[in-house]
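Hi,

Here is the structure I promised to pass along. Have a look at it first, and then read on for what turned up.

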Amino acid sequence: MRMGAAQREEDLADEGQRGFFGKIGSRIGKPRIDAAPPNLHTREALLLLQNYEESGQGWFWSTDAKGRLTYITDSVAQLMGRTSGQILGSYFTELFLPVDGHGEHQRTLPFLLTKQSKFDELPLRSAFEGDDRWWAISGRPQFDAGGRFTGYRGSGTDVTAQRRSAEDASRLALYDSLTGLANRFNISKKLDSTLAAFAQQQRSCAIMLLDLDRFKQVNDTLGHPAGDALLKQVAERLLKIVGDKEMVSRLGGDEFKIILPDVDDRGKLGDLAADIIASLSQPYSVDGSRCIIGASVGVAIAPFDGVNSDDLVRNADLALYAAKGNGRGRFAFYSSELHQAAEVRRALEEDLRDALARGEMELHYQPVVQAKTNMVTGVEALVRWTHPERGVISPGVFVPIAEETNLIWPLGEWVLRQACEDAVRWPGDMRVAVNVSPIQFANADLPKVVAKALAATGLSPDRLELEITESVFLGDSADTAQMFKALKGLGVRLALDDFGTGYSSLGYLQNAPFDKIKIDQSFVRGATEKGSRNSALIAAIVALAEALEMETTAEGIESLDQLDLIRKLNVSHVQGYVYSKPVGNAELLEHAEAGSWTIKPAGPARQRNDRFSLFRKVGAVHDNHRYDVVIRNLSATGAFIEGILDVPVGTQFVIDFGEGQLVTATVRRSMKHQQGVEFEQTMVSDGNGGLCTRHRVSPYLIAAATQSTAGMALPAFTTTSDWKAA
């Protein structure tokens with residue numbers, strides 16, 4: 001006869017009320033705990049168990065042979081959001097979440113119950129919504145006199161506190177306590193395991209090393225708590241860009257590392273690095289103060305730049321060093337040439353200390369021209385270093401060295417004094433602009449140095465223009481405002497340089513007494529391209545400047561179409577090669593002696609890709625033959641090479657730049673031993689003013705090709721389809 005549902009629930013409830021202690025009592029012939037025990041010892045034991053259960057230190061449970069609950073401590077059932085009556089009859093396993101969902105490596109509760117095995121202190125998490133407790137469960141299988149399995153009896157204890165403590169300890173061991181990102185140990189282990197697995201599968205993996213620029217100034221001016229708050233915001237911005245929290249780490253201080261599995265496209269990596277730099281360079285608000293920092297990024301890619309973590313990290317660090325050395329706020333890819341560049345840089349640092357005393361420095365001046373009249377109204381002083389052995393050294397190389405070695409102060413003082421000495425001899429009232437480094441601006445003695453230079457040379461203050469970058473506004477401190485007041489009190493003009501490079505804020509223009517805004521050339525480049533929004537941004541800057549009665553200068557104008565656009569947008573002044581390159585003081589005097597200096601614009605009709613003049617030996621592969629050629633001129637879309645005689649137009653080569661950099665090129669112009677070639681796929685920026693291929697041929701493939709056809713030069717990659725498919 002089948003038992004009705006109501007009858008079954010009544011029996012289960014009755015069983016639950018008899019409970020754990022009732023079952024113990026039944027073993028000695030009595031169903032209830034309050035029945036007279038056979039002796040005082042048993043009664044005392046039952047009372048102790050009941051007291052233990054009521055204390056909340058532990059609880060008891062029992063099931064039938066099918067795993068359904070026949071008893072559970074009522075107080076624990078209430079913690080799970082139920083009563084014991086509601087839970088009785090359900091399967092014991094339903095009280096807990098599956099183990100696999102929490103990364104536990106142990107035998108599961110269903111497995112143990114099915115095998116009728118005993119178990120002790122099994123950690124399980126409550127399955128009830130809103131209850132995140134962890135329980136340590138123990139159980140013993142029960143059998144009747146005939147040896148038949150009748151169910152389980154067991155106990156449980158709350159181990160939530162211990163569990164959370166262990167998780168916190170684990171988190172501290174693997175994650176940065178300030179930002180929540182993976183720490184150095186965690187990310188190093190992850191990189192090791194990733195590279196080991198990827199080497200077997202011949203997959204690529206990129207890493208980025210990041211250093212924050214000017215972070216130390218935040219700590220020094222606002223204090224370490226503000227620095228900590230800033231680091232948290234940096235971590236949030238990184239996660240927003242990268243997405244995968246487990247692949248972003250803080251190594252310590254202001255250093256970060258990012259792992260990017262299966263990425264070797266240097267175009268995408270360059271874009272990502274640029275996005276990171278742009279994002280981290282946006283202003284921060286920390287405890288009511290406005291902070292501006294920047295970032296530099298070094299990139300290395302396995303297996304091209306190393307197959308183990310030590311090599312890859314070392315090379316990424318070398319790339320980061322190169323990025324910082326070329327002006328900060330940049331990214332750089334690793335290349336073998338960086339080892340030599342690092343040695344050269346160290347040598348230049350030593351030579352720079354004596355360059356001023358040896359008279360190796362001189363000033364050149366680039367004209368600033370009134371856009372509508374083509375008349376020169378001023379010049380910008382640009383320092384040049386002619387090394388006795390290495391020749392002309394770019395300011396982009398030695399100025400960052402000067403800033404890092406504290407040589408920028410004597411160098412900047414010399415530039416200011418020399419510019420004033422030269423300008424006072426120029427006929428007319430042509431102004432001279434001198435760049436002021438943020439390090440110089442932070443020195444309280446700057447107004448004294450300026451005043452001393454003006455007094456010693458007799459130059460009228462209104463003919464001196466100090467160009468100041470937006471990075472001086474770090475912290476918006478009272479010292480910054482006081483510096484502006486002191487400089488303006490001397491009567492000199494102030495220009496906001498590189499406006500629009502990522503730090504821009506209208507607050508600068510509202511609070512600082514600028515006379516001019518210099519629009520960065522990054523806005524001008526691409527402004528004439530279809531779909532570009534740069535022209536609209538330039539128009540907005542011009543309108544703002546006019547409303548504030550400020551002049552505007554557009555930098556880096558090189559083509560006539562750029563100049564036409566700038567004029568239409570009412571930019572007041574222009575600076576760039578379309579008018580003149582920087583000239584020495586003697587040449588400037590020749591032009592200025594006429595009383596007025598007017599320059600007719602000249603240059604390419606349209607903006608074109610940057611071209612780099614260089615002398616670089618590369619390989620050109622055609623029909624299984626490799627030729628040694630020299631690149632004289634390089635752009636993103638093509639190159640000018642020499643070394644092969646009378647090559648027909650239309651001939652295809654694979655240009656081998658080294659280190660797996662191969663690009664298919666078609667001859668478009670041929671003149672005896674010189675050819676102009678067009679690349680099938682455009683090259684991308686290397687972040688440091690140079691170019692590189694978007695992809696590289698894997699060393700695994702090159703090794704395999706070399707083994708299969710020994711003795712031939714790049715035999716597996718002699719056609720477009722061959723190496724591109726690889």
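Two strands count as paired if DSSP finds at least two bridges between them. Please keep in mind that this is a predicted model.

With that in hand, let's begin at strand S18. Strand S18 (residues 493-499) and strand S19 (residues 516-519) run parallel and are joined by three bridges. Within this pairing, Phe 499 has Ile 519 of S19 as its bridge partner. S18 also pairs with strand S17 (residues 464-469), again in the parallel sense, and here there are five bridges. How much of S18 is buried? Six of its seven residues are, so the strand is largely enclosed by the rest of the structure.

Next, there is an open sheet of five strands, ordered S2-S1-S5-S4-S3, with antiparallel pairing. Its edges are strand S2 (69-72) and strand S3 (119-125), each of which pairs on one side only. From one strand to the next, the twist averages 25°.

Arg 250 sits in strand S7 (residues 248-252). Is this arginine buried or exposed? Its relative accessible area is 13%, and buried means under 20%, so Arg 250 counts as buried. A polar atom of the Arg 250 side chain lies 3.1 Å from the backbone oxygen of Gly 253. Leaving aside residues up to four places away in sequence, Arg 250 touches a group that includes Asp 176, Asn 183, Arg 184 and Glu 255, along with Leu 178, Leu 231 and Phe 256.

Last, take a look at helix H13 (residues 395-404). Phe 398, Pro 400, Ile 401 and Ala 402 are buried in this helix. What covers them? The cover includes three helices, namely H11 (309-325), H12 (337-355) and H14 (408-423). Strands S13 (361-370), S14 (376-387) and S15 (391-393) are also part of that cover. After H13 comes Asn 406, whose phi is positive, near 65°.

Happy browsing, and do write back with any questions!

Best wishes

Notes:
Residues numbered from 1 in each chain as written. Predicted model: local features only at pLDDT ≥ 70, side-chain atom pairs only at ≥ 80, totals over all residues. Heavy atoms only, no water. Buried < 20%, exposed > 50% of the residue type's maximum accessible area, 1.4 Å probe, protein only. Helix = DSSP H or I, 4+ residues; strand = E, 2+ residues; numbered from the N terminus. Contact = heavy atoms within 4.5 Å. Axes fitted to C-alpha atoms, helices over the stretch in contact; angles between N-to-C directions. Polar contact = N/O pair within 3.5 Å; in protein donor to acceptor, adjacent residues only side chain to side chain.
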